[in-house]
Amino acid sequence: ILILHKFPHYLQKFWNCFNYDEDQFKTSICTFLAVLSHFDIIVQNTSDKISTLKKALIVVLQWCFHHNFSIRLYALIALKKIWGMCKASHVNDFDTLTSIIECSLNQVELMHGTGNAKKNWQRIQKHFFFEYFHPLKDYCLETIFYTLPRLSETPEEEWISLSKFTAFRDIPLSSTFPSCHSQTTLLDLKPNDWTQQDIGLNLAEPNNERRWVNVQKKIIPCKASAPDLDLELIFQDRATKLGKSNRKLIVVASLIDKPTNLGGLCRTCEIFGVSALTVSNLHYINDKQFQHLSVSAEQWLSVIEVSKINP
């Protein structure tokens, strides 16, 4: 939002983002539509606001008819914002569409019943990003590193409070980028129960509401450990906390030469607390296919090179 606000000439590249294959970039399309909900901030520095509004309205309207429920929901949020701006700016080029747009927005607002569609529409409108967040007034260190992660329900250990930056007194802060802001609206908010769900395109319909639970999170073994502890004790403590056995099991995979198999095996070894994994060549670790399946497990597991012996 700030990039488009400060550099309006990038708007054309932003419009090009909506030409991506939505089957592979559903989450990205929702994010781009969410950006348009703050379009009043984006167009502040544009020379031709009317033409920009017309382009935004055309882009948003095509996503309001998408078969995916989440995309339609984000598109309606953006449409509500942009259409309000069009009426305030007296854009008359869409007179033929006025009744259709007005009826669509009214139908959503006056939706009857207690189905998930109505609940999701109410939830997303109450989300802090759409109701309270201001890209310019809330632009500060505290918002970026503490408030937004907290309201986005990021794990608490990843929140960085403002006090953490006090030690860096030798780094001057620009007056245009303060450490904290005077408004406390965001600070007083609690996380909303709306979450963007990235399930399959055919599953994200209003009658198939699901909640994401038990999301896997990489555990940092040395985070709570004193720096002077022996590394072996750290790994033992980690295995104990994770409920994994510490039997010094070594998996020998030196005869396996497929990066995909090695990557999956590395991930499995890390999960079950294996002490070491042997491979015929450490170059496998840098293979993209290996890394795709290992999901960084090689950084948490001792991988040793044991070359094959040719008979």
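These notebook entries record what I looked up in the predicted model above.

**Ground rules.** I number residues from 1 along each chain as its sequence is written, and I leave out hydrogens and water, so that side-chain values use heavy atoms. Since the model is predicted, I ask for pLDDT of at least 70 for local features and count side-chain atom pairs only at pLDDT 80 or more, whereas totals for chains, interfaces and linings use all residues.

**Entry 1, the sheet.** I took helices (H or I, at least four residues) and strands (E, at least two) as DSSP runs, numbered from the N terminus, and I let two strands pair if DSSP finds at least two bridges between them. On that basis I find an open sheet of 3 strands in the order E1-E2-E3, with parallel pairing. Strand E1 (250-252) and E3 are at the edges with a single partner strand each, so one side of each has no neighbour in the sheet. From one strand to the next the twist averages 25 degrees; axes here are lines fitted to C-alpha atoms, for helices over the stretch in contact, and angles run from 0 to 180 degrees between N-to-C directions.

I then looked at E2 (residues 276-279) and E3 (residues 302-305), which pair in the parallel sense over 4 bridges. Thr278 has Ile304 in E3 as its bridge partner. Between E2 and E3 the chain passes through helix H13 (residues 288-294), and this β-α-β crossover is right-handed, that is, with the strands pointing away from the viewer, the path from the first strand over the helix to the second runs clockwise. I also noted that Val279 stands opposite Glu305 in E3.

Helix H12 (residues 259-271) lies across E1 and E2 and runs at about 165 degrees to E2. Ser294 is in helix H13, and its relative accessible area of 0% makes Ser294 buried, where buried means under 20%, exposed over 50% and partly exposed in between (1.4 Å probe, protein chains only). With neighbours within four places in sequence set aside, Ser294 is in contact with Gly263, Cys266 and Arg267, contact being heavy atoms within 4.5 Å. I also checked Ser294 against Cys269: they are 25 residues apart in sequence and 9.8 Å apart in space, C-alpha to C-alpha.

I counted a side-chain nitrogen of Lys or Arg within 4 Å of a carboxyl oxygen of Asp or Glu, and the count comes to 4 salt bridges. Among them is Glu270 with Arg267 (2.5 Å, N to O); both residues lie in H12, 3 residues apart, about one turn of the helix. Glu270 is buried at 6% relative accessibility, and Arg267 is buried at 11%. Glu102 forms a salt bridge with Lys87, with the closest N and O atoms 3.3 Å apart, and this pair links distant parts of the chain, Glu102 being in helix H7 and Lys87 in helix H6, 15 residues apart. Glu102 is partly exposed at 23%, as is Lys87 at 46%. I also list Lys126 with Glu131 (3.8 Å, N to O), where Glu131 is partly exposed at 35%.

Which residues of helix H8 (residues 116-126) are buried? I find Asn116, Asn120, Trp121, Arg123 and Ile124. Seen down the axis of H8, they fall within an arc of 165 degrees, so they line one face of the helix; the arc is that of the directions from the helix axis to the C-beta atoms. Their cover includes helix H6 (69-88), helix H7 (95-109) and helix H9 (128-131).
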